[in-house]
Amino acid sequence: MATSETTGRNAGLLARERTIAGPSFNRWLVPTAALAIHLCIGMAYGFSVFWLPMTHLVSGADATACASQGFLDQLTTTTCNWTVPSVNHVFETFIAMLGLAAAIWGGWLEHAGPRKAGFIAACCWGGGLILGGVGVAMHQLWLVYLGCGLLGGIGQGLGYITPVSTLIKWFPDRRGLATGFAIMGYGGGAMIGAPIAVKLMEVFRQGDVAGVATTLMVMGGLYFVVMSLGAFGFRVPPVGWKPLGWQPGDAASTKAPLITQGHVHLSRAWKTPQFWLIWGVLCMNVTAGIGVISMASPMLQDVFGGRLVGADTGAVLSDAQKAAIAAAAAGLVGLISLFNSVGRLFWASTSDFLGRKFTYCVFFILGIVLYCLLPTMGHQGMAALFVITVCVIISMYGGGFATVPAYLADIFGTQMVGAIHGRLLTAWSVAGVVGPVLIASIREAQLAADVPKNLVYDRTLYILAGLLLIGLVCNLLVKPVDARHHMSDEQLRHERSLQRETQASDASLASAARGSFGVVGVLAWLAVGVPFLIGVWIALQKAAALL
């Protein structure tokens, strides 16, 4: 009978069997592989740097003749510039595709393993950006949608969920910390990618036209290489592996009864009330957070105006003062990126001690209070407190993303948590599309009703607080899954056989994946840590304009 080691050697390079960790492997290398992928796909949050340059690609376009063009006309025009709304929909497309791809292929990923899924994600995200760059070069918007939006969105979805199940199995003692490290990368990807994109667009500029096409192609190639390295860096633990000295009951004894020892199959998990309650938790948290992210910069400028630079309310501002206000708003955007990223690691790690359900209660209760206080801070001119409050809110927005995989593992078990997480991300797709539309509609309606600009955000913030209240109710209703939904021992063995997993012997488990951190560990963490810290430094430099 062939051993799992022999089977692994005979399997293809991307096969899951080839990724089972050997004795010299150290589990702290897995987060670096996850970060390599998430720091690349996290550029999704920085895509706004392309929107304005993409609307000035055709020099000498007849503005009068092009004014009557609709969205469908812009998909194929080569003589008219695109509008900001028409290119901005690319973001909504790949966020929608992220959730759909994660939901569709999450189950396949569990069987295929993180190496194959990560490499395909690299092909889709990197290749999608390259194809999008070709679309920009040809000035064919439909090709940009196909590349960056559709293909890139599939890469986003696969890349986002690739590390989740693997990390949770490597860190059963610190599930929140493990997923927080990876998903922190998604929040921080824009801090690294956006400045690179801005610099490259200047380097490749031709006259008055920014080098958008070449930048997309170069970044697509770069992301493909980095994500591929991350994918090939993944290893999965042997069945039955656990950290030395840790027992499965340790966490459950402190957070019981919400941490299950059973496993729920994907086919049953998404039909349980718990799945849809957590779906509502994520959707409400994301919708409210997106609302603040989309409003933060204009809200700061509209609510405080000249007070940001010491001018009286209603005073005529000089060009220098207007520039200072715009710089302050950009500084807030930099802080938002930083807190969105760091909040993912902080809150997810904290949930290991507070418990996942209690952590979300903190998100919603504290969030409701802060959302309702923001209008008062604006009316009272408390700009510094306003900025701090927004940063705390955004940290909880990011923390919600990073904590939910561990929440799912607690409720449904670890065997299929990656696939279940993929289905749950449809909540993000819904929030990513509905949230901005809802916020924009409310704002436009109030402006149409002649509500002053500095007051137009009040009602919106109260509505977002109401969404958080719905999320709080959903979270409070989450209870343990009934044991009848758990997989039987026979079903669990069958599922593991589909993943080419066999129970390792006690002797092999005693020595499996107990390697030292060593030079390889230091180099791997430097490779992902240094770019991330550079991104943090750039964000802090932008934030300095607020001081």
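Predicted model: local features only at pLDDT ≥ 70, side-chain atom pairs only at ≥ 80, totals over all residues.

## Helix H2 and its surroundings

Start by finding helix H2, which covers residues 30-41. Its 12 residues reach 17 Å from the first C-alpha to the last, close to the 16 Å expected at 1.5 Å a residue.

Is this helix enclosed or open to the outside? Since 12 of the 12 residues of H2 are buried, the helix is largely enclosed by the rest of the structure. Among the buried residues are Val30, Pro31, His38 and Cys40. The cover over them includes helices H7 (114-138), H8 (141-170), H9 (175-203), H10 (212-233) and H22 (518-543).

## Salt bridges inside

The structure holds 7 salt bridges. One of them joins the side chains of Asp410 and Arg175, at 2.7 Å from N to O. Asp410 lies in helix H16 (residues 383-412) and Arg175 in helix H9, so the pair ties together parts that are 235 residues apart in sequence. Both Asp410 and Arg175 are buried.

Now find Arg356 and Asp352, whose side chains meet in a salt bridge of 2.8 Å, N to O. Arg356 and Asp352 are buried too. Salt bridges with shared partners link Arg174, Arg175, Asp352, Arg356 and Asp410 into one network.

## A partly exposed pair

Glu202 and Arg205 also form a salt bridge, with their closest N and O atoms 2.9 Å apart. Here Glu202 is partly exposed, at a relative accessible area of 45%. Arg205 counts as partly exposed as well, at 34% relative accessibility.

Technical notes: Residues numbered from 1 in each chain as written. Heavy atoms only, no water. Helix = DSSP H or I, 4+ residues; strand = E, 2+ residues; numbered from the N terminus. Expected span 1.5 Å × (residues − 1). Buried < 20%, exposed > 50% of the residue type's maximum accessible area, 1.4 Å probe, protein only. Contact = heavy atoms within 4.5 Å. Salt bridge = Lys/Arg side-chain N within 4 Å of Asp/Glu carboxyl O.
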